[in-house]
Amino acid sequence: MNLPHEGSGWHTPVPAGHPAAALLRAEAVRERCAAVMARVQAGDSPLFEWHGAQLAPCAAYVADTVRRAYPDLAVPYHSRWRHFEAGGRDRWAGLQAAAGLAGDARECARVAVDLVIPSVLLDAGAGPDWRFHEADDQPPLTRSEGLAVASLALFAAGTLSDDPARPLRSDAAALRRIDAAMLGALFQVSSGNPLLGLEGRATLLNRLGEVVEATPAVFGRPARLGNLVDHLFALATDGRLPAAELLALLLRALGPVWPGRLSLAGVPLGDCWRHPALADELLPFHKLTQWLAYSLLEPLQAAGLEITGLDALTGLPEYRNGGLLLDFGVIAPRHPAFYTTRWTVDALPIVEWRALTVAGLDRLAEAVRAELDVSTAAFSLARVLQGGSWSAGRRIAAERRPGGAPPLQLESDGTVF
């Protein structure tokens, strides 16, 4: 399989024996975050404390949030598709119907992948001041929902297609042509409507186009994101593919998309940062790629591909899940300045907080299931997140701070948060 990596000959494969391969997997995220958690629980961290007694009230709050939104506990997966339904409108169903996709399950999945991959990459935090006006008779949308609907409008307009006769595609050539001015116009950005990390978002789409073009074994010729569907079906055994394998493929195939990050022997490590708790100091999270994996579940399953072992994936270390644990005092900074400092994503306190979030979400999920009296099999981590910790993080933020701001301040470049 020809999978790209950066450095000398950066479009060559990432061999299974390459040292970076061990970091490009969900197991590495969970194992290494657990090492950070152990250090904190032993009292050896100068940055944070773990207050396990606060997990119970936090779990009760999450369970209450689940019951409010899903009284029957029929919680869907945590994914980008929920944001496309903002305001109770199923925009994806409308797009499918308008394009006449209902009769071809495989092509419908390709189009869904064409839509959701760029949308996920564009999903880093929008900031508190940005709004997207979908229609004059509708209230403006903000944050993740606004970004989702804006990205759907971008896609539906044919902006990401290189074939005017087939507008609902994401082709490498079109992705490479996107620039900040074009994206800003489509996302209604202005001096009075600022969007954080606009340049970074455009760069991500450009790099996505370059990487897709350079990986024909996965994305075909001409290079199209939706061709990933056919590649995944070819990898499956009896129509089944483990979630861990799905994520590993995405990490290896899309790794070079992330700019200016750490690399190991020429291979970019993506959402991976330094922390002294690890012997090699490398701590991966792969937040957006895992968010993408979660967001691929529904279109792949609708096309007949069963994704198994979902709990191999981890919780997502971002400001709603991690903010929830901060707001309940489960994760407690040793220094009050943590809350007033504006942090960059590579700052050690942020790296450690994210690691504690990943490890903490596994523990929180167990406690939430106990509150709801459901099994792990019936209520996967993907459902806990949706029902769930992400929603509860937003809910408590709205109760505690104007505008629902998270409890910490982050400097976003549009590629992580």
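Start with the largest cavity. Select Asp123, Ser144, Lys287, Glu318 and Trp390, which lie nearest its centre among 18 lining residues. A cavity is a set of points, on a 1 Å grid over the protein atoms alone, where a 1.4 Å probe fits but cannot get out; lining residues have an atom within 4 Å of a point. This is a predicted model, where local features need pLDDT of at least 70 and side-chain atom pairs count only at pLDDT 80 or more, while totals for chains, interfaces and linings use all residues. Residues are numbered from 1 along each chain as its sequence is written, and side-chain values use heavy atoms, leaving out hydrogens and water.

The space in the largest cavity is about 180 Å³. A volume here is the space filled by probe spheres set on the grid points, which are joined across faces, edges and corners. Four cavities of 30 Å³ or more are counted by this rule.

Now colour the elements around the largest cavity. Two or more lining residues come from each of α6 (143–156), α13 and α17. Helices are DSSP runs of H or I with at least four residues, strands are runs of E with at least two, and both are numbered from the N terminus. α6 gives the largest share, three residues. By class, the lining of the largest cavity has eight nonpolar, four polar and six charged residues. Nonpolar covers Ala, Val, Leu, Ile, Met, Phe, Trp, Tyr, Cys and Pro; charged covers Asp, Glu, Lys and Arg; the others, Gly among them, are polar.

**Along α13**

Select residues 287–302. This is helix α13, with 16 residues and 24 Å from its first C-alpha to its last, close to the 22 Å expected at 1.5 Å a residue. The expected span is 1.5 Å times one less than the number of residues. Where does α13 kink? Go to Leu296, shortly before the proline Pro299: the kink is about 30°. The bend at a residue is the angle between axes fitted to the seven residues ending there and the seven starting there.

Buried means under 20% relative accessible area, exposed over 50%, and partly exposed in between, with a 1.4 Å probe and protein chains only. Step just past α13 to Gly304, where phi is positive, about 105°.

Next, the largest pocket. Select Gly127, Pro128, Arg143, Leu196 and Pro406, the closest to its centre of the 19 residues that line it. A pocket is an open set of points with protein on both sides within 12 Å along at least five of seven lines. The largest pocket holds about 400 Å³ of space. Its lining has 10 nonpolar, six polar and three charged residues.

Move to the second largest pocket, with a volume of about 230 Å³. Select Arg82, His83, Glu145, Gln386 and Trp390, the closest to its centre of 15 lining residues. Which elements each supply at least two residues of this lining? They are α3 (80–84) and α17 (381–400). α17 gives the most, with five residues. The lining of the second largest pocket has four nonpolar, seven polar and four charged residues.

**Cis peptide bonds**

Stay on α17 and select Gly388, which is found in this helix. The peptide bond from Gly387 to Gly388 is cis, with omega near -10°. Then jump to Arg221 and Pro222, joined by a cis peptide bond with omega of about -10°. Pro222 is in the loop between α10 (216–219) and α11 (228–235).

**Two arginines**

Select Arg207 in helix α9 (residues 198–213). Is Arg207 buried or exposed? Arg207 is buried, at a relative accessible area of 15%. Its side chain reaches the backbone oxygen of Pro256 at 2.6 Å.

Now select Arg177 in helix α7 (residues 172–177). Arg177 is partly exposed, with a relative accessible area of 48%. Draw a line from Arg177 to Leu269: the two are 92 residues apart in sequence and 25 Å apart in space, C-alpha to C-alpha.

**Positive phi in loops**

Finish with two loop residues. Leu73 sits in the loop between α2 (55–69) and α3. Leu73 is not a glycine, yet phi is positive at about 60°. Leu73 is partly exposed, with 24% relative accessible area.

Last, select Glu281, in the loop between β5 (272–274) and β6 (282–284). Glu281 is not a glycine, but has a positive phi of about 65°. Its relative accessibility is 34%, which counts as partly exposed.

Key. A polar contact is a pair of N or O atoms within 3.5 Å; within protein, one must be able to donate a hydrogen and the other to accept it, and residues adjacent in sequence count only if both atoms are side-chain atoms.
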